[in-house]
Structures are given as structure tokens and as C-alpha cells.
Amino acid sequence: MSFMAKPKVAHPDLPKNSRGLTRRDYEGANSTLCAGCGHDSITAAIVEACWANAVEPRTLVKLSGIGCSSKTTAYFVSGSHGFNSVHGRMPSVATGANAANRKLSYIGISGDGDTLSIGLGQFIHAIRRNLNMVYIIENNGVYGLTKGQFSASADIGTTAKKGEVNNQAPIDPVQLALTLGASFVARSFSGDKAQLVPLIQAAMHHDGFALIDVLSPCVTFNDHEGSTRSYEYSREHYEEAVHADFVAPAANITVQYGEGESVPVTMHDGSRIILRKVDSGYDPTDRGAALARIRERLRAQEYLTGLLHISTNQPEFHQLNATPDMPLNQIPYATLNPGSAVLAKILARYR
Amino acid sequence: MPYAAPDRVNDFVIKIGTVNGTGSASANGLLMKAVFRSGVPVVGKNYFPSNIQGLPTWYEIRVTRDGHRARSGQVDIMVALNAETYARDLQEVTSGGYFLYDSTWPRPALLQMRDDVTVLGAPLARLCNENFNGARTRILMKNICYAGVLAALHDIDPEVIRALLTETYAKKPQLVDSNMKAIQLGYDYAKQHFDCPLPLRVEKMDATRGQIIIDGNTAAGLGCVYAGATVAAWYPITPSTSLMDAFKGFAEKLRADPATGRKNYISIQAEDELASVGMVIGASWNGARAFTATSGPGLSLMQEFIGLAYYTETPTVIFDVQRVGPSTGMPTRTQQCDIRSAAYASHGDTRQVCLYPANPEECFHFAPLAFDLAERLQTPVLVLSDIDIGMNDWMCPEFKWDDSYVPDRGKVLDEAELARIDKFWRYYDHDDDGIPQRTIPGVSSKGAYFARGSGHNQYGAYTEDSREYQVVVDRLRKKWLTAARMVPKALIESGSSAELAVVTVGSGDAPAREAIARLRAQGVKIDYMRVRGFPFGEEVEQFLEAHQLNFIVEQNRDAQLRSLLTLETGVAKSRMRSILHYNGLPLAASYVIDGVMAAVQDHARPAAQLVRP
Ligand SMILES: Cc1ncc(C[n+]2csc(CCOP(=O)(O)OP(=O)(O)O)c2C)c(N)n1
Ligand code: SF4
Ligand SMILES: [Mg+2]
């Protein structure tokens, strides 16, 4: 397995976004994951969402921890800087990067092991800070890269490939994020591009921490009878609650999915997402109701998917810290340096 | 070796023993400052427990006309305000010294244990109870009252004290009066009942002009403001917290827009040290000057991330204010016990650039230097201070700032430079100094690269190819050699001896220098070197080779500096003999002198015997 830069062949007939870029411009290095790995579908959805949002690659920053999932930051938008950090610690690197430059967009890719075990502390503190980033968990219920151990998201009764049964209750990142006050919480399935792409688009426009937990089957270690993250199981056991339809601020056109009421939500940056209620009783702005509904569906062994909660009025990290509009890494040194005269004044108190 | 000048004017040590949390700090600071304002050099050492209230605590003020900066190792007058520690406090007084206690209560029999110490009783509590109202005020004033007693005993000018109080309480003038009243109570009592002044007295000098009194953590925090740091991430730990407090305090005043409240910096209290260093790495990678401050336990937690920064070549500034280990150790006591773990922080072939300041002045100046080196070398830089430097009050020359300073951001390619080149290769050595070029996210897609802690080749791509891997780590080694030319050179005083030398690091400087001065006064010919950076420059090895016997003076059990010198230079171990001090108290000059003299007088003694508990 080796890193190969794909030649960027310009296809004149490839559709261009408002920035004049084609989907190919949002691709990255060739994936080295197993054929059929759910993570690759998520990568494809990210490419699609970036293209559709007409993201300027220069302004995107990709971050990840360690795992098969975390490797995928190399597989999309090669024109963006990326940082593949250490296991479970991506949120702190993202926090620092975001602190340095609030003007860029940050997308973090993690796994269920990376987020829910070794990285649980950093994950919840990033939520608590309402760090302005998209945080995607590529959730397969196992440690893929270390060959199939259960992760903390494995459901009770799941069997490992070698037959071992998990009897510990899972940690659900979605419920966790909701109780911690996360401002954007969604769940989807790697195989459902139609749902996933607009969710990622919406998350990228959200001002604050946007979590998308994506059920993503590991074909090698968790796609057999007895696993609850298999393609088969996932497709059968999820119910779509809310469909997020993304409306870019410039072009106010959307493809409408499904039937029922719609709730438009205006994002901080002025763009809108439309929440299509599949279930008319579902209100994604009501955190408590969202939790109740998710739990109720989980008891029936169903993953409620879609945009499960959003609140657009929570101050994000930089607002909480009263930093200036100008990114901290761009403030000229002359502004930062108090100078020798001020030093003399300060030190007068120590004489 | 007890050291007592026949003439004790401006040359003695006051030690005050109290109970933690009773507010004696301001009285001690006042006394020390009063001596300093009388133009007489002082040294302040605080021995405090890891506790908020109730455990014994001591403060030591050394009045030193010769301008020494270390502990002398003796106590000439003990102010004992904590009955629980009377016995050990009395024990500590140097023969011929004094012991002052609160005689509100009857004199305990144990104070008769020493007939070579003069015991003085002043009814501090009674005086204050008679003159002040309220329990809290009485306790606070009792502290100020002993300062008054000492002013009379040591001939400290009460007007200097009044001037200091007036400055301190500029906004609350009524406090000046009540404090002065307490001073006067003690002062008058002493004048009436004791033979004032004692031979241990203060006489005005002019030896503190241009000097300030400051601790190293305040100096380092201020240095980070001047360095242009904008991102500070930290997790509270003694003794590094006050460094961050200083940075935040200065930045709040100097970097916040009073109109909008917007701040040109961010201080993030992280969830732990793993996160704080991760944040520093993220922010530095993204082009900000970022730093963290911690102590031993935090440094242990940071190890994995430090390796990531080393291998991804990300500038990372870490202040490590060392405290007694292992493990939680003695959190408020000093040691130099992270020398080894800092130098080789993280797994794999890693070696880290370290700076070793010796005093607050160097803490201030090493701050911008640490950022410059981290960015120039694209690597972690660890600044190793300790409790003695960081939390004690030091007299040092007022810091000067060079307004022509421009931060060295190193080989960062901007948009125009990127436009000019054909292709950007993150880990390629263009200049043969081992330092590659870097780019900042957001500047240009042409500069985009993928930083990773997994194997990568010189172009920045993932690799598991043996040769490609080696090209990068070999270049890192070359960069290390470049670093050796960039860190501050060792300070060397040579030429007096080809036989003997004292070699030390950090806070070993002050006691070692005093020891050398006194040894030379006794006719011992001896040279001196203090290392200030790691990797060691070639001058370090040359100096060691030029002396038959180098005494390596350091404050840890395992001779960590000597280990580093052994590993990183070709010098024979037999040329380096340890003088080790690791009981948690700041090193005193007398300890160094004893160590050197023992060896000089008895060449046959093996080095191990110079190692003391
Ligand atoms: C400190 C540390 N401990 C252990 C590992 C080994 N390790 C690598 S990936 C991984 C688990 C990854 O699981 P997950 O985040 O779910 O990713 P997946 O491979 O399933 O996508 C572990 C334990 C490591 N890289 N670092
Ligand atoms: S092991 Fe599983 S998670 Fe990893 S690449 Fe293969 S299928 Fe994907
Ligand atoms: Mg996993």
C-alpha cells in the first residue's frame, strides 16, 4: 500500500460548482481501506458536500485521530491542510487550530474507538466549548485498525467475528452530545448519501460544534450475523426522523424529499437548512423531546437518523472567549508587543 | 561549613515560621522590600506546604551586602509564630543566633534547649488584641506587628516601611494607618524591651539601584506576552499555575480592547495536560505563537504528543516548572528532576531542545527565545525552570526590552513564495541545515500538506518504505546538530584552573557562584560553567575536557545532568563527579562548598560518597 497522488485530469463535462471546481477537485489520495468499508462512502459524501457547498479548499482544515476512520482525512480535499494527530486527541489539536484562526472551517474525522474510549474526555470538552467544527464519528462498533476488538459503542449482544459476545452497555455519542448541550447533533448511515450529504453541508454551516454520528459498517470485522453495525442490520433498523435539506445562501433552490411539514432554520452565516419532518411529532429544536424520541426508538432497536437536534443561538468558542474578528495568527506583532516603555512602567511596581 | 562574617551588618538571615493561610506573606514581602529599598541586596525563599490552610510554612529573607542570590544555609534569627514547630525551628538557628517567639503565652520549657541561642519574647497577640478589633484583623496585624519588632531589632527605617505601605494601599489610605499602627506597636515594644539594634542590622547602601524583585513565573509570563504569544493552553498544577496567571494578568491589561472587551489572545483552561499540549500543537501548526506551562506530572502526560510535535516538526513551547518527584512527590518543593525526561521526551528516537533559565531575568528573555527556536527549528522547545526560580522572590537587574526585536517565524512560506515554487515538499531539506520549509493552513492550496505522526517521506506522503523513512529521521538528526549551534551557549568562567571546575544548570547557578567566590577566597583555584541549553554546544565538551575534575552540581538524586553530559559528549565519566542535592529545599552555597572541599581534601574518596541524602 502506498501513497499515490492521483493525476487530476480535467474532464470538460464534469459539473462545476459556483467556485468553478468539479468534484474531482475535492478528492484526495487513494483510499487504502478495505473494499466496501463504510468509511469510504462517508469520504465520498464529504467530497460531495464540499463540492456542493463550494468550499474553497484552502480554507478547510482536516483533522483526525488514529484508526481506519481517522486515515480518511487524507482521502478528501487534497488542497486542504490536514493533521492526523494521535489516538483520541484530535479535539485538542482542533481546538488549538481553531483558536489560532477562527476564519477557517474545521472538519474532524474520528472513529468510535477514537472518540468514545481513549478520546472521550477530549470529545466532551470540545462539545462543552462549543468549538466551531464539524465532528464526524465513523461508527462501526469495533476497532477496525487493531483488528476487530469491541469498541465502547458496540451494542449488548453483539458478537465479534470470532464469536465473543459483548455484554456491556454501549456509549451513544448522540445521547451523550445531547445531554452535554451540543448545538448540532445528527445521525446517519454511511450508505445513505442522500441523507448524509445535506447533513454534512448543514453541519459545515453551523456555527458551533456539529456532531454527525455515522453508522459505518466495517466489512472486515463487523459485517456478519450478530453485529449491529452491518450493512444489513443498519439498513433495516433505522428510522429517519428529520431530513435536513441544505439551502445555500446564494442559490435558494433545494430538492425536496418526502412529505410532511418543514421547519426552516437560519444558520449563523445566513444560510438556511430546511428540516423535513418525516414524523410530524418531531421537533429538532427541542432537546428534551429529541432525547426522548431517540431513546424510545432505541428501545425498539431503531436508530433515529437525520438532524436530531439543532440550536443556533448558543455562543461558540470564540464568542465565549471574546477574541477579535481578526484571526489571532494574523494580528501583527506590532499590535501584540507592548514595547520597552510599557515594560519599564510594569516593572516599576517591582522596584 | 558554617559561614559567619565577623561583621554582621547587612549580612544575615531572618527566617519566619508561621501557619499556612494566616496571611503572613504580605508582612514577609514588606520586610524584604524594606531592606531592598534601603539599598541592601536581599534573597527571598518561601517554603510552603501543599495545603491551603493549617500546615507550617516558612519564609526566609537573606540580607546580603555582597549581593549573593542563593540561600546561605544558615538562620541567624528565627521568628517562630507556630508553636507546633518551635522545637525544629530552634534547632535550625545557627549558633550565636536569635529566636523570637510570641510571649503572649508562657514560654515553653523546650525553648531552654539551647544556651547558644538568645530567646526573645514579644507578646504579639496580646498587643494586637488590645489595639485592634475583630479576629481577622487581629491575626493579620499580628503579622505586621512582628515586622515592626524586626524593624527595631535590625534597624530597618520605619519610614521606608511607611512609604511601601503607602504605595501598596494607595487606594485604601486607612489601611496605611492601621498597618503603621501595628508596625509601631512592635517597634516600640522591641525598643523598650530588647537591646536594639542587634549586631545583625541593616545599614543603608546603594546596591539595589536598577534592580527589581520578581519571581521567575511572573517573568516568564511577561516574556510570553512580549514574545507575541496569542494562544495559551494549560491545566492547573503547582508550581506552573502562577506562570499562566501572570500571562493572563498582563495580557488582560495590555491586549484587551477596553472599548469592546475583545482580547488579542486566548487562554484555554484545558481538561488535562494531554489536551493543553494538543492545543498548543494545533495552534502552532496553524501559525499562532502558542505555549503551555506545566510541571512533572503534566510533562509525563504530554509525552505522546511531544513525540508527535517532534516528528511532524511542529513548533511547541512548553514551560516546565519542576517540582519534587517522583509521581505527585512534594508539589511545593523544588528539584531539577525533569532534566532527563524533558531531554528525551516521548517514545522512539526523540531528543528535545531544552532551555535552562537560572533566574527570573533569564525566564523573561528565554520566553521569546523559546518561541524563536521552536519556530526556527520546527520542534518542541522545553523551558525548564523550577520552584526555586519560578515561585521565589529574586532580586535581579530590571529587564530591558529591545524594541527592534522581530519574532523569528522560521522557514514559513507565504502565498507569494508558494506561487514562485514549482511544488511544495514539506519535509525536504533545501538548505542542508536539516530544517525543512513549512506552510500555514489557509494561505494557499499549493502549500497544503498532511501532517502525520505515521511514517512519512521527505515529500510529506505516507510511507512504510525503509529508505524513505530513514531519509527523514536522518535529516531530523542533522537538524539536531543545527539546534546545538542555536541554543544559548554555556556560560563559562575559565582560566583559573586546569584542575577543578564546578558545572551546574538552572537554579544551581546562584549557590554555585557563591560557593566559587568563597572557595576562591580560601585559595581554591576553580573554574565554572553553567549549561543553558540542550543540545549541548561544543563549548560544553571542551570545557569538561579542559578540567581534571568537574563537579556536576544539580538538584536531583540520579545525577540527570551528569547522565546527559555522559551520553551526549565524549567526556570520560571519571572527570565528572556529582554533588547532588534533592531534599526539596533550594540549594545553599554551603552545600556546594562542602562537596568540593570534601573531595579536594580527600582525593581518594570515591564519588559516591559525595552523594548525600
Ligand atoms: C495511544 C495509542 N494506543 C493504541 C493505539 C492503537 N490503535 C490504533 S487505532 C485503534 C482503534 C481505532 O478504532 P476506531 O477509532 O473505532 O477506528 P476504526 O479503525 O474502527 O475506524 C487503536 C486502539 C494507538 N494508535 N495509540
Ligand atoms: S478494517 Fe473495517 S474499518 Fe478498517 S478499513 Fe477495513 S472495513 Fe474499514
Ligand atoms: Mg471503529
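The talk below takes up some terms and the values behind them.

Mentor: Happy to! This is a predicted model, where local features need pLDDT of at least 70, side-chain atom pairs count only at pLDDT 80 or more, and totals for chains, interfaces and linings use all residues. Residues are numbered from 1 along each chain as its sequence is written, chains are lettered from A and ligands numbered from 1 in the order in which they are written, and side-chain values use heavy atoms, with hydrogens and water left out.

Trainee: Why is Val77(A) called buried?

Mentor: Buried means under 20% relative accessible area, exposed over 50%, and partly exposed in between (1.4 Å probe, protein chains only). Val77(A) has a relative accessible area of 0%, so the word buried applies. This residue sits in the loop between α2 (68-71) and β2 (81-84) of chain A; helices (H or I, at least four residues) and strands (E, at least two) are DSSP runs, numbered from the N terminus.

Trainee: And what makes Ala322(A) count as partly exposed?

Mentor: Its relative accessibility is 23%, and therefore Ala322(A) falls in the partly exposed class. Ala322(A) has a positive phi of about 55° although it is not a glycine, and Val77(A), also not a glycine, has a positive phi of about 40°.

Trainee: Why point that out?

Mentor: Because most residues other than glycine have a negative phi.

Trainee: How do you know that α13(B) is mostly covered?

Mentor: By the cut-off for buried, 14 of the 18 residues of α13(B) are buried.

Trainee: Where does α13(B) bend?

Mentor: At Phe366(B), by about 35°, and Pro368(B) follows within four residues. The bend is the angle between axes fitted to the seven residues ending at a residue and the seven starting there.

Trainee: Which peptide bond from Cys196(B) is cis?

Mentor: The one to Pro197(B), with omega near -10°. Pro197(B) belongs to the loop between α6 (173-193) and β7 (211-214) of chain B. The bond from Thr238(B) to Pro239(B) is cis too, with omega near 5°.
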